[in-house]
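Please read them alongside the coordinates.

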Amino acid sequence: MIRRYFRFLARRAPALVALLTLFSFLSISIVPAWAMNSVRGDSLPQPLPLFPADNWWNLDISNWPVDGNSSSYVAFINNGGTRRLHPDFGGNAGSGFSIYGMPYAVVTGVTNADLKAVQFQYSSESDGIDHPTNTSFPFYPIPPEAISQPYWVEGGDPGNVDLRSSQDRHLLIVDRDRNYLYELYNVFYNTTQGKWFAGSGAFFDMNTNNRRPDTWTSADAAGLAILPGLVRYDEVNDPTVSEIRHAFRVTVRSTNGYVYPASHRAGSTSGALPMGARLRLKASVDVTQRTSDPNMQKIFRAMQKYGVIVADNGSDMYITGTYDTRWNNDILNPAFSNLTASDFEVIQLGSNPPPAGPAVLNSLSVTPSSVTGGQSATGTVSLTGPAPANGAVVTLSSANPAATVPSSVTVQANATSANFTVSTTAVGSTAVGNITAVYSGVTKSATLTVNPAAPAALSAVTLSPTTVVGGSNSVGTVTLTKAAPTGGLVVTLTSNKPTKAIVPASVTVPAGASSTTFNVATTTVNKGLSASISASYTGVTKGATLRVLRR
């Protein structure tokens, strides 16, 4: 591997900082004044997912071809039975410091003083090593809390507890300021020597797609990064995250060689999958029938679109995730158990499609495509692929005289679409024109029709009271669908008992009003009767019944 030397961070030391540093030493401070900040499970660098959008962890494989030996590989995993999925993550395990899942640390403000040398068992395939002399140098920004505090290292126990012979003891560290990832395998801090030890260690610049050299391991057997393949609580349970946009890490009991994107083998079992193999949850699996939990469905949809990647030897179909006490294994375990290895298919081994060209404008839509003046519509621009790291600014314009749009809309980094508002004004006659979007030399248009508002129409006629004694009056009310226009609106009135229930020939709804009243006069009657009072306007007639009683 190209030897990586951490680029020493230039820093100035003004007099004030020097005085504070001196004071800290005089005070026998344990943590130097320039120490980095370390938070377990803190927010990760944006934008997500980790690594570029075209990294192997983030590729949409929903249409990739199935390997010709898929059924045989799945049968090997089933091992004569039915192998069910299992979430290899959760919260505290209930005894001592034992935990489920992998914790990760997020560090900020890293300086040279925060970097630690690590002594490796497999130094020839590790970073932070001067390979010609096989000498470790300060390279890893290991949080000092990981030495004596629990829950920073996989397994749960502090780093100064030596469990290398019985546990994997991964330590994952993200430098959020630089978007760097450091991963260590099988760590132990020897308090007597004041040194960190590990099986192997790897550095990943998450601003790039740099891959480990062939035959090199990482902190994972396949030579891949671990963190980008973890099921994380924050993205699963965040209601603002509608979809998870990366593959997951999976283990199987045995492997046979490796294929892209892996770089390292850890077995040669005939019939087994190689490291780096991808499995995809079949599109025919209705995830809503496997779990009613919407967050679990989100995980399963990601398995259909991005798949799972074989990264280590372990238990068959164990999906790796983060340690987080908020996980509810009473939800996780039954949901995962409803999926079996037979629900998956193996993608053609070693698939490595050529990188897609830069995203261009794919489509523009306006919904609804026809509105009444004064109403708004929603425009949507879509790209052929994820927007670049700085987003995609799409220029907008309107050729409809009654519609306005913003000058541009930005598709955020790694997203493929964005919405914008189309505002309209009232019109006297129908206005038709295109809304146009332009990005990277590609132009797309959609037609928007702006209609004049429908004129006021008769909505109802009501009477109060609806029963009177002959000789008494009732008050009628005519109501329109909207305010009357300038000059008012004349409604024609009739009664089918014109000598017993008398109404004016018409009533005018004043301009700007949506209703008005009129008087219904009655005469004495020898016996009760019913009179129908009708109101008419532009072909629409509404009626109400008045009951007239004998005195």
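How do the residues of the lining of the second largest pocket divide into nonpolar, polar and charged?

1. Second largest pocket. The lining divides into four nonpolar, 11 polar and five charged residues. In this classification Ala, Val, Leu, Ile, Met, Phe, Trp, Tyr, Cys and Pro are nonpolar, Asp, Glu, Lys and Arg are charged, and the others, Gly among them, are polar. Strands β12 (248-252), β14 (308-313) and β15 (318-323) are the elements that give two or more residues to this lining. The second largest pocket is lined by 20 residues, with Asp88, Gly101, Met102, Glu154 and Asp168 nearest its centre, and its volume is about 400 Å³. A pocket here is an open set of points on a 1 Å grid over the protein atoms alone, with protein on both sides within 12 Å along at least five of seven lines, and a lining residue has an atom within 4 Å of a point. Grid points are joined across faces, edges and corners, and a volume is the space filled by probe spheres set on the points.

2. Basis and confidence. This is a predicted model, in which local features need pLDDT of at least 70 and side-chain atom pairs count only at pLDDT 80 or more, while totals for chains, interfaces and linings use all residues. Residues are numbered from 1 along each chain as its sequence is written, and side-chain values use heavy atoms, with hydrogens and water left out. The average pLDDT (the predictor's confidence in each residue, from 0 to 100) is 92, and 93% of the residues score at least 70. Residues 1-34 have pLDDT below 50, and this stretch makes 35 contacts in the model beyond near neighbours in sequence. Contact means heavy atoms within 4.5 Å. Where pLDDT is low, predicted coordinates should not be read in detail.

3. Largest pocket. The volume of the largest pocket is about 1,200 Å³. Its lining has 44 residues, and Pro52, Ala53, Asp54, Asn58 and Pro386 lie nearest its centre. By class, this lining holds 26 nonpolar, 12 polar and six charged residues.

4. Cavities. A cavity is a set of grid points where a 1.4 Å probe fits but cannot get out. There are four cavities of 30 Å³ or more, and the largest cavity has a volume of about 70 Å³. Among the residues that line the largest cavity are Phe51, Trp56, Trp57, Arg211, Arg212 and Pro261. Its lining divides into seven nonpolar, three polar and two charged residues.

5. Aspartate 312. This residue is in strand β14; helices (H or I, at least four residues) and strands (E, at least two) are DSSP runs, numbered from the N terminus. Aspartate 312 counts as buried at 13% relative accessibility. Buried means under 20% relative accessible area, exposed over 50% and partly exposed in between, with a 1.4 Å probe and protein chains only. The side chain of aspartate 312 makes a polar contact with the side chain of arginine 249 at 3.3 Å. A polar contact is a pair of N or O atoms within 3.5 Å; within protein, one must be able to donate a hydrogen and the other to accept it, and residues adjacent in sequence count only if both atoms are side-chain atoms. Not counting residues up to four places away in sequence, aspartate 312 also touches others, including Asp168, Asp220 and Met275.

6. Glutamine 297. Helix α6 (residues 294-305) holds glutamine 297, which is buried, with a relative accessible area of 13%. A polar atom of its side chain lies 2.8 Å from the backbone oxygen of threonine 291. Leaving aside neighbours within four places in sequence, glutamine 297 is in contact with Val287, Thr288, Thr291 and Ser292.

7. Backbone geometry. The peptide bond from glutamine 46 to proline 47 is cis, with omega near -5 degrees, and proline 47 is in the loop between β1 (37-40) and α2 (70-78). A cis bond also joins threonine 367 to proline 368, with omega near -10 degrees; proline 368 is in the loop between β17 (361-367) and β18 (370-372). Asparagine 134 has a positive phi, near 55 degrees, and is partly exposed at 48% relative accessibility. Tyrosine 151 has phi near 75 degrees and counts as buried at 18% relative accessibility.
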